[in-house]
Amino acid sequence: MLALPVGLMTTMKHVFKKPVTRKYPRAKAEMAPRYRGMHYLERYEDGTERCVCCGLCAAACPADAIYMEPAENEKGERIAEVYELNLIRCIFCGFCEEACPEEAIFLGHEFELADDARDKFIVSKDDLLVKHPRKDRSYKTIFRRTRRYH
Ligand code: SF4
Ligand code: SF4
């Protein structure tokens with residue numbers, strides 16, 4: 001006998017609550033600060049690339065997802081001429097970020113990585129490098145802001 005009013009009361013309690021669902025993809029959730037999504041390569045404030053192509057990220061990668069070739073810039077500093085990341089192999093463990101001594105590679109918050117062709121999952125340095133001057137804020141805090149090599 002009481003089931004009907006109890007059921008109605010339960011319904012009414014939820015009618016005026018704020019919905020927990022989002023209108024994705026128009027409304028996206030803020031990812032947790034430590035979320036590990038798409039990688040990005042950082043720059044110094046003057047625009048110079050932080051990556052010195054030391055290879056430690058590739059050595060730490062358990063999925064063998066990183067490939068690089070070194071070169072020198074016009075000041076004789078070592079940089080990566082080629083830096084490729086295979087997103088099919090990557091398991092988003094974050095070991096590359098932890099291994100990097102230059103705070104050059106980070107895993108950001110971008111998670112919409114679906115595509116329809118396998119070759120689009122090999123991302124290049126141009127895809128990974130943040131724009132200079134950057135338009136958005138950095139996802140992660142960089143502790144060593146100044147350059148050590150001149
Ligand atoms: S997140 Fe892990 S698997 Fe992906 S490139 Fe970095 S170290 Fe390799
Ligand atoms: S991203 Fe970091 S660890 Fe990887 S090659 Fe560049 S400087 Fe070395």
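H109 touches M31, Y35, G37 and Y139, leaving out residues up to four places away in sequence; touching, or being in contact, means that two C-beta atoms, placed from the backbone, lie within 7 Å. You'll find H109 in the loop between strand 4 and strand 5. It has 18 C-beta neighbours inside 10 Å, so H109 counts as partly exposed. The scale works like this: a residue is buried if 20 or more other C-beta atoms, placed from the backbone, lie within 10 Å of its own, exposed if 12 or fewer do, and partly exposed in between. H109 and Y40 are 69 residues apart along the chain, and their C-alpha atoms are separated by 9.9 Å.

Before going on, a word on the model. It is a predicted one, where local features need pLDDT of at least 70 and side-chain atom pairs count only at pLDDT 80 or more, while totals for chains, interfaces and linings use all residues. Residues are numbered from 1 along each chain as its sequence is written, and chains are lettered from A and ligands numbered from 1 in the order in which they are written.

Now the overall layout. The chain has four helices and five strands, and from the N terminus on they run α-β-α-β-β-α-β-β-α. The radius of gyration is 22 Å, well over the 15 Å that the globule rule gives for 150 residues, so the chain is more spread out than a compact globule. That radius is taken over C-alpha atoms, and the rule is 2.2 Å times the number of residues to the power 0.38. As for the elements, helices (H or I, at least four residues) and strands (E, at least two) are DSSP runs, numbered from the N terminus. Along its principal axes, the C-alpha trace spans about 85 × 35 × 25 Å. Buried residues make up 16% of the 150 residues. Take the contacts between residues at least 6 apart in sequence: 73% of them join residues at least 24 apart.

Three strands form an open sheet in the order 2-3-5, with antiparallel pairing; strands pair if DSSP finds at least two bridges between them. Strand 2 (66-72) and strand 5 (122-123) are the edges, each pairing on one side only. Strand 2 and strand 3 (residues 78-86) run antiparallel and are joined by seven bridges. Y67 stands opposite E84 in strand 3, and E72 has R78 as its bridge partner there. The hairpin of these two strands has five residues between them, and G76 takes a positive phi near 80° in it.

What about the inside? The largest nonpolar core has 20 residues, and L41, C51, C57, I66, C96 and I105 have the most contacts inside it. Such a core is a set of buried Ala, Val, Leu, Ile, Met, Phe, Trp, Tyr and Cys residues joined through C-beta atoms within 7 Å. Strand 1 (39-41), strand 3 and strand 4 (105-107) each give two or more residues to this core. Setting aside neighbours within four places in sequence, C96 is in contact with C57, A60, C61, I66 and I105.

There are two ligands to look at. Around ligand 1 there are 14 residues, of which C61, C90, C93, F95 and C96 come nearest. Around ligand 2 there are 13, with C51, C54, C57, C100 and I105 nearest. A residue is near a molecule if its C-beta atom, placed from the backbone, lies within 6 Å of it. By class, the shell of ligand 1 has 13 nonpolar, one polar and no charged residues, whereas that of ligand 2 has eleven nonpolar, one polar and one charged.

Most residues other than glycine have a negative phi, and most peptide bonds are trans.

| Site | Feature | Value |
|---|---|---|
| Y24 and P25 | cis peptide bond | omega about 5° |
| H132 and P133 | cis peptide bond | omega about -5° |
| C53 | positive phi | about 55° |
| D64 | positive phi | near 55° |

P25 is in the loop between helix 1 (3-15) and strand 1, and P133 is in the segment after helix 4 (125-128). C53 lies in the loop between strand 1 and helix 2 (56-60), while D64 lies in the loop between helix 2 and strand 2. C53 has 22 other C-beta atoms within 10 Å, so it is buried. D64 has 10 C-beta neighbours inside 10 Å, so D64 counts as exposed.

Note on methods:
Ala, Val, Leu, Ile, Met, Phe, Trp, Tyr, Cys and Pro count as nonpolar, Asp, Glu, Lys and Arg as charged, and the others, Gly among them, as polar.
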